[in-house]
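Hi there,

Here is the structure we talked about, ready for you to open. Have a look at it first, and then read on for what turned up.

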Amino acid sequence: MPWPLYLALKQLFPTGKRCSFYAATSVVGVMLGVMVLIIVQSVMNGFGHEIRSKIVDVNSHIRIEANQVFSGGEMLAEQVSQEPEVAAASPYAQGMVMLQYGAHPAFPIIRSVDTSAGPQVLDIDEYLMMGQLSDLDDESLIVSSGLANSLGIALGSVVDVYTPLMLERMKEDEILLPRELEVVGVFETGWNQVDANTVLCTLSLMQELYGLDEGVHGVAIRLHDEDKVVAVADKLNAMLPPGVNAHTWMELDRDFLFILGLEKSMMFFIMLFILLVASFSIASSLMIAVLRKTREIGLLSAMGGTPRQIAAAFGLQGFIIGVIGTTLGVLGGLLLLYYRNEIIHLFARITNSEAALLRYYQFSNLPVYYSWVDFVLIISLAMVVSTLAGVFPAWRASRLKPSKALRSE
Amino acid sequence: MNDPLLEARSLAKAFPSPEGPITVLSQVDFSISAQESVSIRGESGAGKSTLLYLLTLLEAPDSGELLWRGEPVLNKSIRAVNRLRAKLLGFVFQSFYLMPELNALENVLIAKRMLGGLSSADKTKAEGLLKRVGLEKRLNALPTTLSGGERQRVAIARALMNNPDIIVADEPTGNLDEHTAEQVMDMLLGLCKEEGTALILVTHNPSFASCTNRQLFLQHGAL
């Protein structure tokens, strides 16, 4: 073993001791930094992944839309379905209505869903808490759980629906009669934005409510392989007529995804400060060691140590602390993530907040997604920061003149 | 007479000060041959330690010539000088300068580590050296648990570890009481004799100086 490495190891783990106090505190500093970064990033990734998959599940992979209502939606869906990458395609219409149950009004988003027996773009069955999709017809609705809760709607409830078309007719002195529809299902996706205020109906009912005749607002498409979404959208755009465009779910939810990414970056930036604080602790401890060992450094020079070797004996300590701290941080982070649900439930039990956890976060298990890119980034950063922390003290040590070092008091 | 192991010709050194350069050494000639022991005495501030640093090239002289084993060294690279110094010279200082993280045996072995690889024979040799300075039962003791005399004995064993041609001892008994100082001095002189190692001894003590083959006195920057 080269002597600078030997001396660096001995200064961190002196003979007769497991490790020096300085080594222990420095390693713990790096370990905590890495651990927190890995936990936060993995949980943020988990949430992001969960939300993204909800968006895809609820909004489909690709939507073909035009600037206005267009006809021939069924035919276009049929044509698109012929593409090998497409798993399902169906025309849809959506808008806003006023829904009244008893004396309670609400203004939900209304969307048509495909009720045919073939492959479904939106797997509504998966999210149905009550009722069945097969019960949905032109005289009924499926409502989201949030809406059902706020209005007190149950299966079999009859609600009044007013549409913008009715308001137009009211202007022409026609009598405004709401459409009475029966609630045949309640669904919950886990995505609050949808669950709070959404109503599902058949396409023909939607066309009737909005006066679209045979027109649709677009065609929703689900793919076999989500990773091909951009390529398929490009392919469809090449074959679609002017004014009709295929948009990926990433384009349609660009702002939301940007905020999601921004949140993750901000968390990373904030947590990075733990690592920076740890690096300052390493640097100051090493600097003190260089000052305290000035005469020993002089002796090392006298015994044949070159400035570069002496710098290595101190600089390597930062690197070794980085290696150990990062390894322990990664292992600690993975261990805590493995037992995350047990820890959360224990915490919730202690603070009596289990119900609140389910109500506000809509999950009973903490979602986690391990991204190797994040792991590489965190490990590299921790190693660079720890190693850099040893550079200045090492440089100072190497600059000491042997005669001055030996003379120092 | 043997060729000198270390020879200095007309060495000079001045240090800058606000009032102008202060000449510490001027035109110093010095030489030491194999197995010879030379003491250098002088008043405090006379430049004894500076002379040692110049002779061992821990500090560069302003002018003069320096030869190690007959070879000029002033124009050599730092790396070459360091390597040569590690083979040629062993150091004993007043304040011992033991590594506090290493035990007695490891402190002796560090000299060998710095020169290159370490073998089991080196460990045996280091143990033997510590035995010869009376520390066979303190091999694993850390410097903080050793007395001043014991620490200096570890430093002497460390200085001898690489079989140097010359031991350079700068006030090796300066931090020790009279009795311990005598013991350590006897040990140093005895070991140098047994090993056939030359000794350059800087000391204030006339009786220790009288034990060497040649006694020099540094005064007004010259020997």
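Let me start with a charged pair: the side chains of A:E85 and A:K235 meet in a salt bridge, at 3.2 Å from N to O. Please keep in mind that this is a predicted model. The two partners are 150 residues apart and join distant parts of the chain, with A:E85 in the loop between α3 and β2 of chain A and A:K235 in helix α9 of chain A.

A:K235 also meets the side chain of A:E83 in a salt bridge (2.9 Å, N to O). This pair too links distant parts of the chain, 152 residues apart. Within it, A:E83 is buried, with a relative accessible area of 16%, while A:K235 is partly exposed at 36%.

Over all chains, the structure holds 17 salt bridges. Another of them is formed by the side chains of A:R179 and A:E139 (2.7 Å, N to O). A:R179 lies in strand β10 and A:E139 in the loop between β7 and β8 of chain A, so the pair ties together parts that are 40 residues apart in sequence.

There is also a patch of positive charge on the surface, where A:R308, B:R79, B:R83 and B:K87 gather. Helix α2 of chain B gives the largest share of this patch, three residues. B:K87 is partly exposed, with a relative accessible area of 35%. B:N82 has its place in helix α2 of chain B as well, but is buried at 4%, and touches A:S301, A:G304, A:G305 and A:T306.

Best wishes

Definitions and conventions:
Residues numbered from 1 in each chain as written. Chains lettered and ligands numbered in written order. Predicted model: local features only at pLDDT ≥ 70, side-chain atom pairs only at ≥ 80, totals over all residues. Heavy atoms only, no water. Patch = residues over 30% accessible without salt bridge, like charges linked within 9 Å, V, L, I, M, F, W, Y side chains within 5 Å. Areas by Shrake-Rupley, 256 points an atom, 1.4 Å probe, with all protein chains shown as cover. Salt bridge = Lys/Arg side-chain N within 4 Å of Asp/Glu carboxyl O. Lys, Arg positive; Asp, Glu negative; His and termini not counted. Charge placed at Lys NZ, Arg CZ, Asp CG, Glu CD. Helix = DSSP H or I, 4+ residues; strand = E, 2+ residues; numbered from the N terminus. Buried < 20%, exposed > 50% of the residue type's maximum accessible area, 1.4 Å probe, protein only. Contact = heavy atoms within 4.5 Å. Lists of a residue's contacts leave out its neighbours within four places in sequence.
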